[in-house]
Amino acid sequence: MWSSLTSSVSNLTGYGAQPGAPKPGDIPNAGEGVKSAASLCKDRNYYSELSTKDLEWTIAATASTETQTFYCITDQGNFGHVQLIHSNLGIWGAPASVQMTARFRGNGISKFFSVNLTNFALSADKLSASTNLMSITMSPDGQKFTIQVTNPPDLIVSLTFERTTKGYKIGEGKSFFGDGYVSHKFWPSCKVSGMMIVEGKAQDMTGEGTFVHAVQGMRPHLVASKWSYVDFRGNNTETNNKAKLSLIQFTTPEYYGSSTVTQGSLVFDGQLVGVAVDNKTEAVATEYDEETGYNPPTEVNYVWEGKAIEGGKSFKAVLNVKPKGLCQKVDLLAEIPWALRKIVSTFVAKPIIYQWYDEASAVVTIGDVEHKLAGHVYHEATFVM
């Protein structure tokens, strides 16, 4: 029994039954470092438009985690997200797990949901998924998702996300870690309609959203020691210019070279101006958190830099945030079954996701023209080790 359990821990976490972090020789092809999606692009042509086929669920048989996540900042300034997670531990005999997470923040409510699901099934074209409590359905024309959640009395969701500009991936969309990979594909701007009913109160979700389809074709903790995610919606009330900024960035563990992999986009006045791979997450100030042992930012600049898809003009965006609207500190180990968590916690530092929803300001420069915008941002900082 003990040898079977420690084998399961090793497969799940990449750590053996001895204390201490894994050494490079313990991780397949770790010496090769990470080959980011951007580094594999020829002639710095980073932008690739998504096809409908790019959004098929992969459901790998080996260790992998696959998610579809829908983020929305409403016209009223509220925030909501819904996520479907399919996770395979890659352990013989262990069933895949399926989970929904959701959040609503606004109108005096800040509520997070995490629910285990059953009866996961895909449509014949692998573009739609259903479970006992949740479904994600792609429209026949490939332009719209409908998301339904029925988990009364706590949460009922009925949303549509309709793509309003080009979807994209960086190059072929994959960053490689030896035999493993990470993939991200985006609809950076969507028209959102529908509602979330949270604890019996209906919340209008009319607004603008972002959709991300991500696959981690490897054990998740081996990907990164830190993650950042940013989703900003802002406007200039005097000029009526509008901007949408999104960013995913992670730093690999030492055994993959402590490399930073980053990708993001700028949507301006409804058009995808460009994608960016030369981005920064700059902590202007931090504060030690005694509860977690980490140093989350108390002020942060998120920076995007790239070339416009059309015309090749340079663009830069600097988003300044002073995180005050803490939604939650999510303890990732809390999602693992109790017996396994007790062992894993011996070998793995406490992984925490800080989630904030804040007011923020951005300066967007396209060519020689500068635009100042104000709005709201949902942002996350994840510390793994």
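Rings of Phe, Tyr and Trp, the last by its six-membered ring, count as a pair if their centres lie within 6.5 Å. In this predicted model, there are 17 such aromatic pairs.

**Aromatic pairs**
- Trp57 and Phe120 form an edge-to-face pair, because their planes stand at 70°, with the ring centres 5.8 Å apart.
- This pair joins distant parts of the chain, 63 residues apart: Trp57 sits in the loop between β2 (47-49) and β3, and Phe120 in the loop between β6 and β7 (121-122).
- Trp57 has a relative accessibility of 2%, so Trp57 counts as buried, whereas Phe120 is partly exposed at 23%.
- Elsewhere, ring pairs tie Phe70, Phe145, Phe161, Trp187 and Phe211 into a cluster.

**Nonpolar cores**
- The largest nonpolar core has 34 residues, of which Val82, Met134, Phe145, Ile147 and Leu155 touch the most other members.
- Elements giving two or more residues to this core include β3 (64-74), β10 (144-151) and β14 (180-198), and β14 gives the most, with five.
- A second, separate core holds 32 residues, among them Phe177, Met218, Trp227 and Val267.
- Phe145 has contacts well beyond its sequence neighbours, including Leu55, Gln68, Leu127, Ile136 and Trp187.

**A buried glutamate**
- Glu380 belongs to strand β26 (residues 369-383).
- Glu380 is buried but has no salt bridge, and the nearest side chain of opposite charge, Arg103, is 6.9 Å away.
- The Glu380 side chain does make a polar contact with the side chain of Gln355, at 3.4 Å.
- Other residues that Glu380 touches include Trp227, Tyr229 and Trp356.

Technical notes. Residues are numbered from 1 along each chain as its sequence is written. This is a predicted model: local features need pLDDT of at least 70, side-chain atom pairs count only at pLDDT 80 or more; totals for chains, interfaces and linings use all residues. Side-chain values use heavy atoms; hydrogens and water are left out. A nonpolar core is a set of buried Ala, Val, Leu, Ile, Met, Phe, Trp, Tyr and Cys residues joined through side-chain atoms within 4.5 Å. Buried means under 20% relative accessible area, exposed over 50%, partly exposed in between (1.4 Å probe, protein chains only). Helices (H or I, at least four residues) and strands (E, at least two) are DSSP runs, numbered from the N terminus. Contact means heavy atoms within 4.5 Å. Lys and Arg count as positive and Asp and Glu as negative; His and the chain ends are not counted. A salt bridge is a side-chain nitrogen of Lys or Arg within 4 Å of a carboxyl oxygen of Asp or Glu. A polar contact is a pair of N or O atoms within 3.5 Å; within protein, one must be able to donate a hydrogen and the other to accept it, and residues adjacent in sequence count only if both atoms are side-chain atoms. Rings of Phe, Tyr and Trp (its six-membered ring) pair if their centres lie within 6.5 Å; planes under 30 degrees apart count as stacked, over 60 as edge-to-face and the rest as tilted. Lists of a residue's contacts leave out its neighbours within four places in sequence.
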